[in-house]
Structures are given as structure tokens and as C-alpha cells.
Amino acid sequence: MNNIPSVNLNDFTSGDPVRKQKFVDEIGKAYEEIGFVALKGHFLDDALVDKLYSEVKKFFALPLETKQKYEIEGIGGQRGYISFGKESAKGKKEGDLKEFWHFGQYVENNPKLEAEYPKNVEVEELPEFNKVGKETYRMLEKTAKYVLRALALHLGLEETYFDNYIHNGNSILRPIHYPPIIEEPKNAVRAAAHGDINLITLLMGAQGRGLQVQNHKGDWLDAIAEPDELMINVGDMLSRHTNNKLKSTIHRVINPPRELWGTSRYSIPFFMHPVSDMKLNVLESCIDEDNPKQFEDITAGEFLNERLVELGLIKK
């Protein structure tokens, strides 16, 4: 496949069984062949998106010493601020050319998970920042729930198979700032080639050139969304759970051409994670003679911890 297919979630939620099946078939085919789709019909409205970007830009424009107040030691970067160059892709020594923030789950009626997850970090200087972050988190989580319902049907599972695993799941909303490039980067890019850890990722801010996806021939394709689209891709947890039937695709964010070095880039991915005790064991329906079981049994929490160590966010 040499381009990113576009699908519309309104087909799935329309109440028309023919349109619903069309969406299931289209997203299933795309995720088996390239692992990415551009999605229309999501639950974010333009006013919320504009407000979020406004607050995110205000936060990253704060003085470094102010931002560093919100860099919390000992939690593997799971909440609050993560400063420039701290994260690197698996297998890379160089830190990515970015700084970012993490909003985490707003747990409902589950004291065990409230104790397990780090608390969200409140930014005193920007009273609207956390409020708009929470609202965006909820709308992206709702969008992701319907995408996973379609994928459950594609895999021959109950439509609501993923619902209990993602309710109060360990999902992360990550506003990212790629600052202007002020000198020739030494082997570093804005985000080095990587696969995502989680079930699926919903990406805001892929409207300009920068995000590239590697197809299965090894070619890099530009992934550019329309103004009303999110990019949504399969993560390693879902790929593992489906025995690589649904593909977790390597992607990267390249540096801009030299004439655009002086510009910032902002993007906002939502990483949909399940609860930590979800078993990622390969689904029986995804194993056959031609596709023997490829992965050992593991829980989502164990897999996440392994990967955070590999990324340098948790020290052994």
C-alpha cells in the first residue's frame, strides 16, 4: 500500500448496518496492510481543538525554569513535563528534538487504579490548560473506543470486547513541541523511527509535512491529514495481541527543510492504553498453520514497563 487510506467514523455510528460494515472492512484492511488511517467523523470539534492548541502554545512558551517545576522525578515521565531531548527512540542514543507534556487518566470509581497511576499535574500559571486537556482527553478516548469496537468486529470478537480493558485505562495525551532548529542536528531528528507501545494512537497535528510512515516494502510515505482528520495507527500492544495480523507500523517525524528550521511544530498524540492487568496473549483466532504464535504471554503493564526502560524514561 502506497498511501494512507481515509475512513469516516460516521459510517460506523450511523445506525445503518451496511455503512457500519463498510467502515469495519475499510479500517480492518488498512490496518492489515499499512497500520495507519486518516479518520474523519471523530468527536473533537473545531472550537475545542483551537482552544487546546492555544493553551499548549502558551505552556511551551513559559520560561524553562517555570516548565521544569512540573518535571516530576521518579514516575518515568508518565505525567507532567518532559524536557527537550530526554526521550529517545528504542535503540537510539540521540534524544529526539522535542519537549512534551503528559495528561493521564481521570480515574472513575476505582481506588486501586487511582493509587496505581501517578496524579495529573496542575499548571498554576495557566488555569485553562488542565481543563481543556481533560476535555480533549475524554473526546479522544471516546473516539478510540469506537475504533476499537470496529476492530473487535473485524477480528471476529464481541463488539465491546475492548470496552472493559480501556475503561480507566492507562492512556496518555501528549502535547509535543518541536522547537525551532538552531544548529545542524547531529544524527538527531524531531522523532526518530519508532513503533508505538500502546493499543492505538490518535494523532492531532499531522496536517503539515513531517510525519512519515514506512510501508512493508521499506518505503517512507508522507502522512498528511486533512484539516478535519486524525491520523490513527496500530500500536505494538494490539499488534502483539493479534499475532501481527494488525500491523504496528514504524513511523518518524523528519526535520523540516533548512528554510523552515526557524519554525516550531506542534502535534498531539493520544496513546490509548488498556488497564495494566489486560493480558496481551495472542488471540486464538489469529493463530493458524500459516501464522504460528509469535509472542510470549505478557500483561499490558509488564510490556509498558519493558518499553519505558528501553526508551530511557525509566532507569533500571
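**Entry 1: ground rules**

I count two residues as touching when they have heavy atoms within 4.5 Å of each other. I also keep in mind that this is a predicted model.

**Entry 2: P175**

I began with P175 and asked which residues P175 touches, leaving out those up to four places away in sequence. My list reads V56, F60, E99, F100, W101, F103, S267 and I268. P175 is found in the loop between β5 and β6 (176-178). Is P175 buried or exposed? Buried means under 20% relative accessible area, and P175 has 0%, so I noted P175 as buried. I then looked up K57, which is 118 residues from P175 in sequence. In space the two are 9.4 Å apart, C-alpha to C-alpha.

**Entry 3: M272**

My next stop was strand β13 (residues 265-272), where M272 has its place. M272 has 0% relative accessibility and therefore counts as buried. Which residues does M272 touch, not counting residues up to four places away in sequence? I wrote down E141, A144, K145 and L148, then I166 and S171, and finally N198, L199 and I200. I also checked M272 against E306: they are 34 residues apart in sequence, and their C-alpha atoms are 17 Å apart in space.

**Entry 4: two exposed loop residues**

I turned to E124, in the loop between α5 (111-116) and α6. Exposed means over 50% relative accessible area, so E124, at 65%, counts as exposed. Leaving out residues up to four places away in sequence, E124 touches K69 and Y70. I looked at T66 too: T66 and E124 are 58 residues apart in sequence and 10.0 Å apart in space, C-alpha to C-alpha.

G156 came next, in the loop between α6 and α7. Its relative accessible area is 65%, so I put G156 down as exposed.

**Entry 5: helices α2 and α6**

Two packed helices are described by the angle between their axes and the distance between the axes. I looked up both values for helix α2 (residues 17-33) and helix α6 (residues 129-154): the axes come within 9 Å and cross at roughly 85 degrees. That angle makes α2 roughly perpendicular to α6, because angles of 65 to 115 degrees count that way.

Which residues of α2 and α6 meet? On the α2 side I listed K20, F23, V24, I27, G28, K29, Y31 and E32. On the α6 side I listed V147, A150, L151, L153 and H154. By class, this contact of α2 with α6 has 8 nonpolar, 2 polar and 3 charged residues.

Most residues other than glycine have a negative phi. I looked for exceptions and noted two asparagines.

N168 has a positive phi of about 60 degrees although it is not a glycine. I found N168 in the loop between α7 (163-166) and β5 (172-173). N168 counts as buried because its relative accessibility is 5%.

N244 also has a positive phi, near 70 degrees, and is likewise a residue other than glycine. Its place is in the loop between α8 (236-241) and β12 (251-253). Is N244 buried, exposed or partly exposed? With a relative accessible area of 28%, N244 is partly exposed, because that class lies between the 20% and 50% limits.

**Entry 6: the cavity**

Rolling a probe the size of a water molecule over the atoms shows where empty space is left. How many cavities of 30 Å³ or more does a search of the whole structure find? The search finds 1, and the largest cavity has a volume of about 30 Å³.

I then listed the lining of the largest cavity: N170, M237, H273, P274, V275, S276, A300, G301 and L304. Which element gives the largest share of this lining? It is helix α9 (residues 300-310), with 3 residues. By class, the lining has 5 nonpolar and 4 polar residues, and no charged residues.

Definitions and conventions:
Residues numbered from 1 in each chain as written. Predicted model: local features only at pLDDT ≥ 70, side-chain atom pairs only at ≥ 80, totals over all residues. Heavy atoms only, no water. 1 Å grid on protein atoms, 1.4 Å probe; cavity = no way out; pocket = protein on both sides within 12 Å on 5 of 7 lines; lining within 4 Å. Points joined across faces, edges and corners; volume = space filled by probe spheres on them. Helix = DSSP H or I, 4+ residues; strand = E, 2+ residues; numbered from the N terminus. Nonpolar A, V, L, I, M, F, W, Y, C, P; charged D, E, K, R; others polar. Buried < 20%, exposed > 50% of the residue type's maximum accessible area, 1.4 Å probe, protein only. Axes fitted to C-alpha atoms, helices over the stretch in contact; angles between N-to-C directions. Parallel < 35°, antiparallel > 145°, perpendicular 65-115°, else oblique.
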